[in-house]
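Morning, everyone. Please bring the structure up on your screens, and we'll walk through it together.

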Amino acid sequence: MSASIHYHDRMSTMMDAPQLDTLIAARIRREREARGWSIADLAAASGVSRAMISKVERAEASPTATLLGRLSGAFHLTVSTLLARAEADAGPARIARMDAQPLWTDPATGYRRRAVSPPGAEPELVEIELPPGARVAYTADSLAFMRGHVVWVLAGRLVIEEGAGESALAAGDCLAFDLVAPKGHAYRNPSASRACRYLVALHRR
C-alpha cells in the first residue's frame with residue numbers, strides 16, 4: 001500500500017503518492033540541511049540508517065509511520081507538523097477545513113492520520129484510523145520533545161502500550177500519559193474485524 005495525501009482548495013485537487021513522497025523527501029532534506037546536519041548526523045539523532053535516509057530523501061522509499069516518527073522526533077517536530085510542512089511546500093497555506101486537512105496513510109500498516117488542527121496550533125490535534133489488528137510503535141527518543149499526549153477513542157477499541165504496561169480503551173474513553181516510558185509506546189487495535197478511530201492531542205514542551 002502506498003502513502004497518500006489529499007487536499008482541496010477552491011478547485012478540488014488530489015495529490016498522489018509519488019507527489020507526496022517527493023514533497024516529504026524534499027522537506028526532510030530541508031529540515032536536515034537547515035540544522036547543518038549531514039545524513040550521518042540525522043542517522044545518529046534518529047536511529048534510522050544512513051542508507052534508509054538517503055533512499056527517503058531521494059524519494060526511492062515510502063517512509064512508514066515509525067520511520068517518520070524517528071525522523072520528525074530528531075528534528076523536534078511531530079509527524080503531523082513534518083507532513084504539514086511538506087504539504088505546504090506544494091502551495092500556499094490553507095485553512096484547516098475538513099476537506100483541506102492533510103490525510104496520510106502509512107504504507108506499512110494502512111493506518112490513516114489526519115492533521116485536524118492548522119499547522120503550528122497548540123495543542124496539535126490528530127485523528128487516527130487504525131485498521132483491525134494493526135500496531136504502530138514509537139521509540140522514546142522520537143517523542144522526547146513532547147510534554148504529553150491525550151488520547152480520546154471515538155470508535156472501536158484501542159490498546160496503548162507504555163513500556164511493560166498497557167491501557168485498554170473503548171469508545172468514549174480518554175487517556176492522558178506523559179511519554180516517559182524508556183522503551184517508547186505503541187498503539188494497537190485488538191479487534192480482528194473493526195477499525196479503531198481516535199483523536200490525539202499533542203503538547204510540546
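Let me start with a question: which residues of α3 are buried? Take a moment with the model, and keep in mind that it is a predicted one. Here is the list: I53, S54, V56 and E57. Now look down the axis of α3. Those buried residues fall within an arc of 165 degrees, so they line one face of the helix.

Step back for the overview. The chain has 5 helices and 12 strands. It runs to 205 residues, and 48% of them count as buried. Next, the contacts. Take those in the chain with a separation of 6 or more: 65% of them come from residues 24 or more positions apart.

Back to α3, and to its partner. Helix α2 covers residues 39-46, and helix α3 covers residues 50-57. How do we describe such a pair? Two packed helices are described by the angle between their axes and by the distance between those axes. For α2 and α3, the angle is about 115 degrees. Their axes are 9 Å apart. Angles of 65 to 115 degrees count as roughly perpendicular, and α2 and α3 are therefore roughly perpendicular to each other. What is the hand of the crossing of α2 and α3? It is right-handed.

Now zoom in on the contact itself. On the α2 side, find I39, A40, L42, A43 and S46. On the α3 side, they meet R50, I53, S54 and E57. Sort the residues of this contact by class, and you get 5 nonpolar, 2 polar and 2 charged. Notice that I53, S54 and E57 take part in this contact, and that I53, S54 and E57 are also on the buried list of α3.

One more stop just after α3. There sits A59, with a positive phi of about 60 degrees.

Is A84 buried or exposed? Its relative accessibility is 9%. Buried means under 20%, so A84 counts as buried. Now find R27. A84 and R27 are 57 residues apart along the chain. Their C-alpha atoms are separated by 9.9 Å.

That's my tour. Over to you.

Notes
Residues are numbered from 1 along each chain as its sequence is written. This is a predicted model: local features need pLDDT of at least 70, side-chain atom pairs count only at pLDDT 80 or more; totals for chains, interfaces and linings use all residues. Side-chain values use heavy atoms; hydrogens and water are left out. Axes are lines fitted to C-alpha atoms, for helices over the stretch in contact, and angles run from 0 to 180 degrees between N-to-C directions. Helices (H or I, at least four residues) and strands (E, at least two) are DSSP runs, numbered from the N terminus. Angles under 35 degrees count as roughly parallel, over 145 as roughly antiparallel, 65 to 115 as roughly perpendicular and the rest as oblique. A crossing is left-handed if the near helix is turned anticlockwise from the far one by less than a right angle, and right-handed if clockwise. Contact means heavy atoms within 4.5 Å. Ala, Val, Leu, Ile, Met, Phe, Trp, Tyr, Cys and Pro count as nonpolar, Asp, Glu, Lys and Arg as charged, and the others, Gly among them, as polar. Buried means under 20% relative accessible area, exposed over 50%, partly exposed in between (1.4 Å probe, protein chains only). The arc is that of the directions from the helix axis to the C-beta atoms.
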